[in-house]
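Subject: Structure handover

Hello,

Here is the structure you were expecting. Please open it first, then read the notes below it.

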Amino acid sequence: MLLDVKDLSIHYYTLSGVVRAVEGVTFSIDKKEWVTFVGESGSGKSTVASAIIRLVPPPGKIVSGQIMLEGKELLKLSEEEMRQIRGKDISMVFQDPMTSLDPLRKIGDQLVEAMTVHGVDEDEAKERAKELLEKVNIPPDRLDYYPHQLSGGQRQRVSIAIAMAFNPKLLIADEPTTALDVIVQDSIMDLIQSLKEEGTSIFFVTHDISLAAERSDKIAVMYAGKLVEFGTVEQIVENPLHPYTQALLNSVPDLWTEKPIKAIPGYPPDLRNPPRGCRFHPRCHVFAEKGELKGLCDAEEPMMIEYEKGHFVACHLYGGSRNE
Ligand code: ATP
Ligand code: SF4
Ligand code: MG
């Protein structure tokens, strides 16, 4: 086990109320495992990602939970200890590489600095910077370029090169390909895969469940701040249990069956005041159709249960009520 997250809750304390962005999220990532978080916009994927490196933006706060990296409790480390882990044991790439690259400094200098802050000698860092650029297919003469002189795809390659500098134990990639065209997208996915093959575990975020299914080992489905289903790609795609996961899968085109695409009706809730019981109940067709679920789904929160080995779901259809 590399990363073990237990009962993680994160709130944003805004002027208009407390946004319960992440509530009671539990999951783990094994060594060399690729886990992808999917879910609609606002479901809390980026907030979970930022918590792992303890960079939840203000006014957000981790209100409870445990984040263990190889048995080390990250939430108990000092800021200095955490800085040692960021960029070395855990690296991160974002949707927009410009959020991590400094527009005013040459990419070579930024690559070198990513290593020297962790104590690598400058000459060695310069040598390694060239190798890293080659690894992500950027000619080493681009070391003297500024980020704006590169294309979007090349900039993302540079941020991946920086993330690769120390063969991190965990790479957090938050929608790293969303802004790129499909071909460039594929090459970035190849790079992340090559990192995995060298031993890095991947925490990947996307709203596109078909992209998730292509490369990952496991999928985590989030809805309105809750983890609603977690399992291997096969379990989630072949046997989706949660009505929300089923709806997500039905909302993407299937090249093989040409089944009709169905958008998920309604909208995710306002997380300042989430629905009682199951947060999905106002949009759940099963709840709407099954009279006997009234008074359960709209009153009691479903707990996460292990439906089959490694396949977890939080939905009253499979038990998991607090009263059981
Ligand atoms: P997307 O797919 O759009 O990136 P996401 O799943 O990454 O969405 P988050 O960005 O984690 O979702 O947001 C989760 C919830 O927290 C949302 O309701 C969002 O409005 C709220 N939130 C996120 N950042 C802040 C912030 N800085 N201040 C207040 N609320 C925030
Ligand atoms: Fe639907 Fe009830 Fe399951 Fe929620 S708990 S997804 S409302 S059936
Ligand atoms: Mg996000």
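Where is P59 found? P59 sits in the loop between α1 and β4 (60–69). Helices here (H or I, at least four residues) and strands (E, at least two) are DSSP runs, numbered from the N terminus. A cis peptide bond joins P58 and P59, with omega at about 5°.

Some ground rules. This is a predicted model, in which local features need pLDDT of at least 70, side-chain atom pairs count only at pLDDT 80 or more, and totals for chains, interfaces and linings use all residues. Residues are numbered from 1 along each chain as its sequence is written, chains are lettered from A and ligands numbered from 1 in the order in which they are written, and side-chain values use heavy atoms, with hydrogens and water left out.

Most residues other than glycine have a negative phi, and most peptide bonds are trans. Besides the cis bond between P58 and P59, two residues are worth a look. D7 lies in strand β1. Its phi is near 50°, a positive value in a residue other than glycine. At 47% relative accessibility, D7 is partly exposed. The cut-offs: buried means under 20% relative accessible area, exposed over 50%, partly exposed in between (1.4 Å probe, protein chains only).

E70 is not a glycine either, yet its phi is positive, at about 45°. E70 belongs to the loop between β4 and β5 (72–73). E70 is partly exposed, with a relative accessible area of 39%.

**E70 and K169**

E70 has a partner. The side chains of K169 and E70 are joined by a polar contact of 3.0 Å. A polar contact is a pair of N or O atoms within 3.5 Å; within protein, one must be able to donate a hydrogen and the other to accept it, and residues adjacent in sequence count only if both atoms are side-chain atoms. K169 is in the loop between α5 and β7. K169 is partly exposed, with a relative accessible area of 28%. Leaving aside neighbours within four places in sequence, K169 is in contact (heavy atoms within 4.5 Å) with L2, E70, K88, D89, T200 and S201.

**Ligand 1**

Which residues come nearest to ligand 1? Of the 16 residues around ligand 1 (a heavy atom within 4 Å), they are S41, G42, K45, S46 and T47. An oxygen atom of the ligand is 2.5 Å from an N or O atom in the side chain of S41. For the side chain of S46, the corresponding value is 2.8 Å from a ligand oxygen. A ligand oxygen is also 2.8 Å from a polar backbone atom of G42. Taken alone, ligand 1 exposes 630 Å², and the protein buries 68% of that (Shrake-Rupley method, 1.4 Å probe). Elements giving two or more residues to the shell are β1 (3–14), β2 (17–29) and α1 (45–52). α1 gives the most, with 3 residues.

T47 lies in α1. T47 is buried, with a relative accessible area of 9%. A polar contact of 2.9 Å joins the side chains of T47 and Y12. Beyond its neighbours within four places in sequence, T47 is in contact with I10, Y12, A21, V22 and V56.

α5 has 13 residues and reaches 18 Å from its first C-alpha to its last, close to the 18 Å expected at 1.5 Å a residue. The expected span is 1.5 Å times one less than the number of residues. In α5, 10 of the 13 residues are buried, so the helix is largely enclosed by the rest of the structure. What covers them includes β6 (90–93), α3 (107–116), α4, β7 and α6.

α6 (residues 182–197) has 16 residues and reaches 22 Å, close to the 22 Å expected. In α6, the buried residues are Q185, I188, M189, L191, I192, L195 and K196. They cover an arc of only 155° around the axis, which puts them on the same side of α6. The arc is that of the directions from the helix axis to the C-beta atoms. The face turned away from the buried side of α6 carries the exposed residues I183 and E197. Among the elements covering the buried residues of α6 are α4 (122–135), α5 (152–164) and β7 (170–174).

Both ends of α6 have something to check. D181 caps the N-terminal end, with a side-chain oxygen 3.1 Å from the backbone nitrogen of I183. Just after α6, G199 takes a positive phi of about 120°.

Best wishes
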